[in-house]
Amino acid sequence: MPAKLLGAHMSASGGLPKAIRQAREIGFSAVQVFTSSPQQWRSKEVTDQMADDFKAAVKETGIKHLVSHDSYLINLCSIDAGKLDQSIGAMRGEVERCAKYGIPYVVSHMGAHMGQGEEAGLGCVAESLKKVLAETPESVTICMETTAGQGSALMAKFEHFAKILDLLNWHERVGVCLDTCHVFVAGYDLRSRDTYEATWKDFDKLIGIPRLKVIHCNDSKKGLGSRVDRHAHIGEGELGLEPFRFLVNDQRLANIPIILETPVENEGHERDLATLRSLQK
């Protein structure tokens, strides 16, 4: 069974309703957006009118598989107490905005341990998430994203997810977003059938495929294990076409939103969607 939910991160520069309508024009069945600027701490309050307009666009287009991406500023294990509180507050705000819009998934980078070590960093992330989960609507699931592992960034190893989930008693509102570029440059090879299956076997053993809620679908400009996050068009990077052929025909992933975060210039979304569809059997 081929993947049913192909989508992309859409620009919200013209408003979230416009992003949804543009996604439908391209032919997507899933959408990821920013509900506020990813480079700023402050965000506008979501009014009832804003929420109603967004929901009207969702109803009009029929695109019901919605994802948001949290601020890039958030670090849930910051060693700076002020920044940590600010990060927790920002994530709380994002979850609350998504609840108003009716967006069920928030993808977020958990953060960097900044020299305190992986174990301490993971413990701090878990404690931060506990606070957010306790104070936010139950309709929204937080999806921890895999990272390239640059610097002291956490979440480049599947073991990191397992540790946090264990510390949270496998809370039902915590899931995972796997980024194909990120896991590749973090050292997980996806390029052959054997290595692709080995990676998913490892993921399932440590985390469980049912915890996977979103996939970011990106080729990589950098090589295996490079730990450098640079996205490329599908089939035009170091991953090549085969991993994406496996991905869009993997029955285990058929109902999971597969979101492109590839370059948008020169009708990039249209090109990459066409490529993914050409790989489906």
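Reply: A patch is made of residues with over 30% relative accessible area and no salt bridge, where like charges are joined within 9 Å and nonpolar side chains (Val, Leu, Ile, Met, Phe, Trp, Tyr) within 5 Å. Lys and Arg count as positive and Asp and Glu as negative, while His and the chain ends are not counted; the place of a charge is taken as NZ of Lys, CZ of Arg, CG of Asp or CD of Glu. Accessible areas come from the Shrake-Rupley method with a 1.4 Å probe, and for residues only the protein chains shown count as cover.

The model is predicted: local features need pLDDT of at least 70 and side-chain atom pairs count only at pLDDT 80 or more, whereas totals for chains, interfaces and linings use all residues. Residues are numbered from 1 along each chain as its sequence is written, and side-chain values use heavy atoms, with hydrogens and water left out.

On the surface, Glu45, Asp48, Asp52 and Asp53 form a patch of negative charge. Asp48 belongs to helix H2, residues 48-61 (helices, H or I, of at least four residues and strands, E, of at least two are DSSP runs numbered from the N terminus). Asp48 is exposed at 64% relative accessible area (buried is under 20%, exposed over 50%, partly exposed in between, with a 1.4 Å probe and protein chains only).

The structure holds 11 salt bridges, each a side-chain nitrogen of Lys or Arg within 4 Å of a carboxyl oxygen of Asp or Glu. One of them joins Arg92 and Glu135, at 2.6 Å from N to O. Arg92 lies in helix H3 (residues 81-101) and Glu135 in the loop between helix H4 (118-134) and strand E5 (141-145), so this pair ties together parts 43 residues apart in sequence. Arg92 is partly exposed at 25%, as is Glu135 at 44%.

Glu127 and Lys130 also form a salt bridge, with the closest N and O atoms 3.2 Å apart. Both lie in helix H4, 3 residues apart, about one turn of the helix. Asp189 and Arg191 meet at 2.9 Å, N to O; Asp189 is buried at 18%, but Arg191 is partly exposed at 35%. A network of salt bridges links Arg193, Glu197, Asp250 and Arg252.

As for the cysteines, the whole structure has 0 disulfides (pairs of cysteine sulfur atoms within 2.5 Å). The sulfur of Cys143 has its closest cysteine sulfur in Cys177, 6.7 Å away and too far for a bond. Cys143 is buried at 0% relative accessibility.
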